[in-house]
Amino acid sequence: MRLLLVEDSPRLAELLGETVREAGWRLDVVTTIADATVTLTLREHDLILLDLGLPDGNGIELLRQIRKTYRDLPVLVITARGSIEERIEGLDAGADDYLVKPFHHREFLARCRAMLRRSPTSLQPVLECGHLRYDPAMAELSCSGTIVALPPRERALAELLMRDAGRVVQKRKLELALSEFGEEMTANALELAVSRLRKKLLPFDAGADLVTVRGVGYMLQAAP
């Protein structure tokens, strides 16, 4: 799952970034309407987190633009504008939910999960390979019913490999998918993430192997 945060407060962006990544989701962060408009054309996102008070305009205008162009893309407004009139304006402009600052990170995550459960990506069946199961909306990997505790990057890698289980996923595709704006995934970092994922799976009877295809990429395949 990849989220887009449109927020001009560096501190709040940092705090939300930690929360989102810990939940196992990838996050792109932009600070203006102009950057958000460009970003939406470059990458697909599963959820937009939108502040309304932005340096180059009112986030409501961006919200209306998103709703016209990306009708099924969920948008969670996060703003200090908390009057009834302002909430109604945001919801009528196309927001799927509205969260007033300050808010608790657990409520924020719960609202994100609820919206992601309705997104086209999460409507796909739970991913399976061998004894492994990955729930996209909950960002949870389990093996025979037991949760496999993974750091955010390895969790995202597991999801990507399970979406193409049984097929080789090219290194460059994984690097791009795991990158965030301002923090590009390098080849060495990808190798390290693969190594860590293998180690995390060792204690489990995964019924699947994480295979390296030299010079090409990686494949998660069910054991024979």
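**Notes on a predicted model**

1. The largest cavity holds about 30 Å³ of space, and the residues lining it are Leu132, Leu141, Ala158, Leu197, Leu201 and Leu220. For this, a 1 Å grid is laid over the protein atoms alone; a cavity is a set of points where a 1.4 Å probe fits but cannot get out, a pocket is an open set with protein on both sides within 12 Å along at least five of seven lines, and lining residues have an atom within 4 Å of a point. Grid points are joined across faces, edges and corners, and a volume is the space filled by probe spheres set on the points.

2. A word on the ground rules. This is a predicted model, in which local features need pLDDT of at least 70 and side-chain atom pairs count only at pLDDT 80 or more, while totals for chains, interfaces and linings use all residues. Residues are numbered from 1 along each chain as its sequence is written, and side-chain values use heavy atoms, with hydrogens and water left out.

3. On to the open spaces. The second largest pocket has a volume of about 160 Å³. Its lining is made up of Arg21, Gly24, Trp25, Arg26, Pro152, Arg153, Ala156, Leu178, Glu180 and Glu183. Helix α6 (residues 152-163) gives the most to this lining, with 3 residues. Helices (H or I, at least four residues) and strands (E, at least two) are DSSP runs, numbered from the N terminus.

4. Trp25 turns up again in the packing: together with Leu49 it has the most contacts inside the largest nonpolar core, which has 51 residues. A nonpolar core here is a set of buried Ala, Val, Leu, Ile, Met, Phe, Trp, Tyr and Cys residues joined through side-chain atoms within 4.5 Å. Apart from that core lies another, of 20 residues, among them Ile33, Ala36, Ile48 and Leu52. Leaving out residues up to four places away in sequence, leucine 49 touches Leu3, Leu4, Leu5, Val6, Val20, Leu27, Leu76, Ile78, Phe108 and Cys112; contact means heavy atoms within 4.5 Å.

5. Glutamate 7 deserves a look. This residue sits in the loop between β1 (2-6) and α1 (10-22), yet glutamate 7 counts as buried because its relative accessible area is 2%. The classes are buried under 20% relative accessible area, exposed over 50%, and partly exposed in between (1.4 Å probe, protein chains only). The side chain of glutamate 7 reaches the backbone nitrogen of serine 9 at 2.9 Å. Beyond its neighbours within four places in sequence, glutamate 7 is in contact with Leu12, Ala13, Val30, Thr31, Asp51, Leu54 and Lys101.

6. A cis peptide bond joins lysine 101 and proline 102, with omega about -5°, and proline 102 lies in the loop between β7 (97-100) and α5 (105-117). Serine 144 has a phi near 50°, a positive value in a residue other than glycine. Most residues other than glycine have a negative phi, and most peptide bonds are trans. Serine 144 is found in the loop between β10 (140-143) and β11 (146-147) and is exposed, at 58% relative accessibility.

7. Serine 142, by contrast, belongs to strand β10 and is buried at 13% relative accessibility. Not counting residues up to four places away in sequence, serine 142 touches His131, Leu132, Arg133, Ile147 and Val148.

8. As for the cysteines, the structure holds 0 disulfides (pairs of cysteine sulfur atoms within 2.5 Å). Cysteine 129 is in none, and the nearest cysteine sulfur, that of cysteine 143, is 11 Å away. Cysteine 129 is buried, with a relative accessible area of 6%, and cysteine 112 is buried too, at 0%.

9. Two arginines to finish. Arginine 81 lies in the loop between β6 (75-79) and α4 (84-93) and is partly exposed at 28% relative accessibility; setting aside residues up to four places away in sequence, arginine 81 touches Leu52, Gly53, Asn58, Glu86, Tyr98 and Val100. Arginine 163, in helix α6, is partly exposed with a relative accessible area of 25%.

Conventions: A polar contact is a pair of N or O atoms within 3.5 Å; within protein, one must be able to donate a hydrogen and the other to accept it, and residues adjacent in sequence count only if both atoms are side-chain atoms.
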